[in-house]
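Thank you all for coming. I would like to walk you through a few local features of one model, so please keep the sequence and the structure in view while I talk.

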Amino acid sequence: MTALKNDRFLRALLKQPVDVTPVWMMRQAGRYLPEYRASRAKAGDFMSLCMNPQFACEVTMQPLERYPLDAAILFSDILTIPDAMGQGLYFETGEGPRFKKVVSTLADIEALPIPDPQKDLGYVMDAVSTIRRELNGRVPLIGFSGSPWTLATYMVEGGSSKDFRKTKAMLYDNPQAMHLLLDKLAQSVTSYLNGQILAVRKRCRSSTPGAATCRPRRTRSSPWPTCARSSAA
């Protein structure tokens, strides 16, 4: 394995001394970069950008050419796992990500498969390997995944939501279904991140937008124990 030329980020994670505070940005690759927009135009659409390892590598590397950052972040989408579960991810202009299928019953959830990272999400693993080679030890690579709770909200709502009404209804009215969904997603996220680690053996991160919609409560329907299992794994 190529030795890291800049290990400041990893040393900070290990609580070791660093010369300066390491810097990376959550939206390191995004619409603010003209070169990103050019890459997306070449790819044709957002999912084509995500699913092509060369384009994903190109977009991951672009911010490093502009700024002295201490880590690269895998360019991907948080909803790759539900898509691999057969939910049919697509992007509606002006509305963001949507699913052709939604889960609303226990039977829907029981039918969901646990994706195989290598077979069902191989394009992400190929992107990780491609980026790792391109970095050549320049900085660490941060992996990426949506958290179980975030993925669940999209799968139940069918897309983004302002009030998460359907998700909350399932959580409190049908906790058995919600817990099964979260358990399957926790298994999937754990497997997905482990796949990324095998491909690069560096730090991974779980993204949890929407988590504030369900604050921890002392109820039998609380999703947090399941979500915590995937983070620990």
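Patches, as I use the word, are made of residues with over 30% relative accessible area and no salt bridge, with nonpolar side chains (Val, Leu, Ile, Met, Phe, Trp, Tyr) joined within 5 Å and like charges within 9 Å; a salt bridge is a side-chain nitrogen of Lys or Arg within 4 Å of a carboxyl oxygen of Asp or Glu. Accessible areas come from the Shrake-Rupley method with a 1.4 Å probe, and for residues only the protein chains shown count as cover. The model is predicted, so local features need pLDDT of at least 70 and side-chain atom pairs count only at pLDDT 80 or more, while totals for chains, interfaces and linings use all residues. Residues are numbered from 1 along each chain as its sequence is written, and side-chain values use heavy atoms, leaving out hydrogens and water.

Val23, Met25, Tyr32 and Tyr67 make a nonpolar surface patch of about 330 Å². Val23 itself sits in the loop between α1 (8–13) and α2 (34–43), and it counts as partly exposed because its relative accessibility is 41% (buried is under 20%, exposed over 50%, partly exposed in between).

Turning to Lys184, this residue belongs to helix α11 (residues 175–200). Lys184 is buried yet has no salt bridge, and Glu110, the nearest side chain of opposite charge, is 7.8 Å away (Lys and Arg count as positive, Asp and Glu as negative, with His and the chain ends not counted). A polar atom of the Lys184 side chain does, however, lie 2.6 Å from the backbone oxygen of Leu112.

How values were computed. Helix = DSSP H or I, 4+ residues; strand = E, 2+ residues; numbered from the N terminus. Buried < 20%, exposed > 50% of the residue type's maximum accessible area, 1.4 Å probe, protein only. Polar contact = N/O pair within 3.5 Å; in protein donor to acceptor, adjacent residues only side chain to side chain.
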